[in-house]
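The sequence and structure come first.

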Amino acid sequence: MNKVNKIKSFIQLDFLTIKPYFTLKNVSIYAVIVLILSMFSGNIASGMGVGMMLGTMYISYPFAVGEKSNMDALYAVLSISRKTAVLARYLYSLITNCFTIIFFYIISAAGLLVSMMTGNEVDLRISAATVFILAVLMAVVEAFQLPAFFKHGYSKAKFISVVPFAIIAAGIFMITVIERFGLIDSASEDNIINFIMSIPHGYIIAAACLLIFAVLYGSYRLSLKYYSKREF
């Protein structure tokens, strides 16, 4: 079996691993939560944010199941190199992210549509920007989590994996405090927004994509380094 087929088989194995958690009941519950949040908030950010947080859960499941079943030792028996295992797990994460973003975007958009039909005010102006920003945050969070899982295993790293969410929550809290107490005057805030809006969107997207690539590549190299040193 060549390397490409091994990577493909590994990714398929990861999806089979999460299948027991990816039931119609679970997906329906998540979809309803996102739908309701989008309906009542009137914007796509709340629903997509929760949806992407749920998506990161599915990234950790293969590590949890693999640790419980001692799958790492099985990979060695099957002659799957650690480099192949790490690369395949990152590709699995990327595929999962794409499906998560598309699925929860559709659910969030449906929530906005229902909200509009009931006469509520809906903010459609920042939908695309919101999705892009949340996708970037999702990639950054997972770039932090994956090396921790590869280094320590799921049981030891599951507490470390919540650190990015705590940082994001703290950042949102700080922004809320700044806006609530007027620590930045409206003129300065407008200047910042106008400056950002003056930058061509193509440049922002290109810079963000390069940043994501650099972060993910660095994360991958770190994961490979940690995983290569583990003993099974």
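## Second largest pocket

The lining of the second largest pocket divides by class into 19 nonpolar, two polar and one charged residues. Here Ala, Val, Leu, Ile, Met, Phe, Trp, Tyr, Cys and Pro count as nonpolar, Asp, Glu, Lys and Arg as charged, and the others, Gly among them, as polar. The model is predicted: local features need pLDDT of at least 70 and side-chain atom pairs pLDDT 80 or more, while totals for chains, interfaces and linings use all residues. Residues are numbered from 1 along each chain as its sequence is written, and side-chain values use heavy atoms, with hydrogens and water left out.

There are 22 lining residues, and Leu94, Asn97, Ala139, Ile212 and Leu216 lie nearest the centre of this pocket. Helices H5 (82-117), H6 (127-152) and H10 (201-229) each contribute at least two residues to the lining. Helices (H or I, at least four residues) and strands (E, at least two) are DSSP runs, numbered from the N terminus. The pocket holds about 510 Å³ of space.

On a 1 Å grid over the protein atoms alone, a pocket is an open set of points with protein on both sides within 12 Å along at least five of seven lines; a cavity is a set where a 1.4 Å probe fits but cannot get out, and lining residues have an atom within 4 Å of a point. Points are joined across faces, edges and corners, and a volume is the space filled by probe spheres set on them.

## Largest cavity

The whole structure has one cavity of 30 Å³ or more, and the space in the largest cavity is about 30 Å³. Its lining consists of Asp14, Thr17, Pro62, Val65, Gly66, Met71, Tyr75 and Arg89. By class these are four nonpolar, two polar and two charged residues.

## Threonine 56

Threonine 56 sits in helix H3 (residues 44-69). With 6% relative accessibility, threonine 56 is buried (under 20% relative accessible area; exposed is over 50%, partly exposed in between, with a 1.4 Å probe and protein chains only). Beyond its neighbours within four places in sequence, threonine 56 contacts (heavy atoms within 4.5 Å) Met138, Glu142, Gln145 and Phe165.

## Lysine 3

Lysine 3 belongs to helix H1 (residues 3-18) and is partly exposed at 42% relative accessibility. Residues up to four places away aside, lysine 3 touches Lys83 and Thr84.
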